[in-house]
Amino acid sequence: MNYIAFVCSVFSFYTITFAEHFKYETILSKDKSLNLQWNVNYADELVKFRIQGRLRPNEWLAFGFSDYGECENADLVLFWKDLFGNKMFKDVHTDNRGNIHIDQNQNYVRTLTEKLKYNRFTLEFIRKFDTCDEDDYKLDNGTTHIIFFTGYGYPKHINTLQYKKGLQRVQILKPDIPDVKIPKDTTFIDVTNQEITVPSTDTTYWWYLTKLPDFKRKYHIIKYEGIIEKGHEHLVHHMELFHCEARPDEVVPSYNGPGLAEGKPPGLSICRKVIGAWAMGASSVTLPEETGTPVGGDGWSRFVLLEVHYNNPQLSKGIEDSSGIRLYVTSKLRKFDSGIMELGLEYTNKMAIPPNQNLFSLTGYCIPDCTRTAIPRTGIHIYASQLHTHMTGKRVYTKHVRNGKELPELNRDNHYSPHFQEIRRLQEPVDVLPGDSLITTCEDSTLDRENITLGGFSIKEEMCVNYIHYYPAVDLEVCKSSVDSDALRAFFRFMNKRYKDNTSSTKSVAENYQSIRWSYLASQMLSNFYDIAPLSMQCNRSDGTRFPGNWNNKDIPRITLPITTHSGSC
């Protein structure tokens, strides 16, 4: 599209939406002095932004995007007044030192500048999703790291302490889905910790067993959200609410305390079916109007287990917390029962990431044998997805494969942040049939780590998971993999025999990984091993038992017909 056509489409969009409210909004600055609103036009692939806030005389504003919130190699718009009081607006970028340069192509078009009382202002502008300009950031439907700066004088270099910097993470290109009406009889239930004292340890999984109200008949959960105690936003990493699949006359043993590193204590192993979830940065989740998560009715156990992952790297003492999850329920039943399924890697130290890696890939598989066994002939419809890693995750995606043919991806986040783990609605539901494969890959960076990073539950360990939300509900709760144990033992023997690493059959998996000298060659050897080694599968029901079958030494599902990618408008 040439510049004249672009400007015409911009002002067409501007004219159409001038009287409309902005659909999306976030606060940029902690002091709430800057606010961002935006609308998305998928037909013309345009985004219209509105920034409102306060700027003092001679103060400038830079706003834009970078891969992970860096000052360097950022795409920005610069707004300021010149010496004559003229309002100036420029499309700029920074180089790898943070120096500001005016773009040769001005791909941001200002549509409104309004000065209000008390130094307040409104600035509106429009840009395309993809401007085809190497100096501009390409907007996608993953996480966008918004950065902004304010300062005085004319800015030349933003990588300095004299400027005020801010960072906000959002999903700019949200799916264009109509709002779902909430029935009038909807009520809410809060399941929260009861002023527990958070342990002064780096990582705590706190488990609290409680009961939901006694619903005499079946209800549907149609919405849920996190309830985070004010001031504890940094402390609560993620939460899950598990239903305990107990018999009506079965009493589940009470529990209120730190959980175990792996597994659950006797009596709580039946508490595995996820009915609500939240992670850092997430907002509320509203289910599609055709589905709801079932609660209540004859034979339905009232017991639920709240799991809260506390991240306390400062080892702070004496913090009392009552965070949890709010469920919205209605008696107006939807057509389908909804479920949540875990894809990706098993929570185990059999998977690991060597140190000093820029991007190291770990992949978990939901294989055809499992979906063929557990998914009905009519399939399931995935409507939302939540990607999850700990601190080294940089990029996460799930591929969908049918009979070797690669289908459109289920979800992808090329600028993933462990501090922003939304449950995201998909633009269109994805139909998964028996025999399909779902392949979840996490690309992790350990450039700041000198030792091996093992898989596990601690915040310093790693996970690679995609929680998919779907209907109709089936009994398949977990479809995840790890490297086969026999193959891993053979790898450790090879590293001892060939490279004289101090691995041994008498050592644990963690000790063997820690005994390897992680050179560039050793790291490549591990990556290649993961690419070819057979799998151990978790093809598990909601009660924790595996579906019938042999789930060890399974072949990796391969893509034999890759999807054809389009180069786009550029």
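In the predicted model, Leu241 stands opposite Leu306 of strand E21. The two strands concerned, E16 (residues 236-244) and E21, pair in the antiparallel sense over 7 bridges. E21 is also joined to E14 by 9 bridges, and this pairing is again antiparallel. Within it, Trp207 has Glu307 of E21 as its bridge partner.

Strand E21 (residues 303-311) is mostly covered, with 9 of its 9 residues buried. Phe303, Leu305, Glu307, His309 and Asn311 point one way from the strand, while Val304, Leu306, Val308 and Tyr310 point the other way. Both sets are buried.

At one end of the order, strand E14 (residues 203-211) pairs with E17 in the antiparallel sense over 3 bridges. Trp207 takes part here too, with Gly257 as its bridge partner in E17.

A search of the whole structure finds 24 aromatic pairs. In one of them, the rings of Tyr108 and Phe125 have centres 6.1 Å apart and planes at 55°, so the pair is classed as tilted. This pair links distant parts of the chain, 17 residues apart: Tyr108 is in the loop between strand E7 (100-102) and strand E8 (109-115), and Phe125 is in strand E9 (residues 120-128). Tyr108 and Phe125 are both buried. Another pair is formed by Phe494 and Tyr499, whose ring centres lie 6.0 Å apart; the planes are at 75°, so the arrangement is edge-to-face. Phe494 is partly exposed, with a relative accessible area of 33%. Tyr499 also counts as partly exposed, at 26% relative accessibility.

The charged end of Arg217 sits over the ring of Tyr219, 5.5 Å from the ring centre. Lys223 lies over the face of Tyr328, at 4.9 Å from the ring centre.

The largest pocket holds about 1,800 Å³ of space. Its lining comprises 48 residues, of which Gly281, Ala282, Ser283, Phe420 and Glu422 lie nearest the pocket centre. Strand E1 (24-27), strand E11 (164-170), strand E15 (219-227), strand E19 (285-286) and strand E31 (424-432) each contribute at least two residues to this lining. E11 gives the most, with 7 residues.

Backbone geometry was considered last. Most residues other than glycine have a negative phi, and most peptide bonds are trans. A cis peptide bond joins Tyr471 and Pro472, with omega about -10°. Pro472 is placed in the loop between strand E34 (464-471) and strand E35 (476-483). Glu45 has a positive phi of about 55° although it is not a glycine. This residue is found in the loop between strand E2 (34-41) and strand E3 (46-54), and is partly exposed, with a relative accessible area of 35%. Asn553, likewise a residue other than glycine, has a positive phi near 55°. Asn553 lies in the segment after strand E36 (535-541). Its relative accessibility is 53%; the cut-off for an exposed residue is over 50%, so Asn553 counts as exposed.

Terms used. Residues are numbered from 1 along each chain as its sequence is written. This is a predicted model: local features need pLDDT of at least 70, side-chain atom pairs count only at pLDDT 80 or more; totals for chains, interfaces and linings use all residues. Side-chain values use heavy atoms; hydrogens and water are left out. Helices (H or I, at least four residues) and strands (E, at least two) are DSSP runs, numbered from the N terminus. Buried means under 20% relative accessible area, exposed over 50%, partly exposed in between (1.4 Å probe, protein chains only). Two strands pair if DSSP finds at least two bridges between them. Rings of Phe, Tyr and Trp (its six-membered ring) pair if their centres lie within 6.5 Å; planes under 30 degrees apart count as stacked, over 60 as edge-to-face and the rest as tilted. A charge sits over a ring if NZ of Lys or CZ of Arg is within 6 Å of the ring centre and within 35 degrees of the ring normal. On a 1 Å grid over the protein atoms alone, a cavity is a set of points where a 1.4 Å probe fits but cannot get out, and a pocket is an open set with protein on both sides within 12 Å along at least five of seven lines; lining residues have an atom within 4 Å of a point. Grid points are joined across faces, edges and corners, and a volume is the space filled by probe spheres set on the points.
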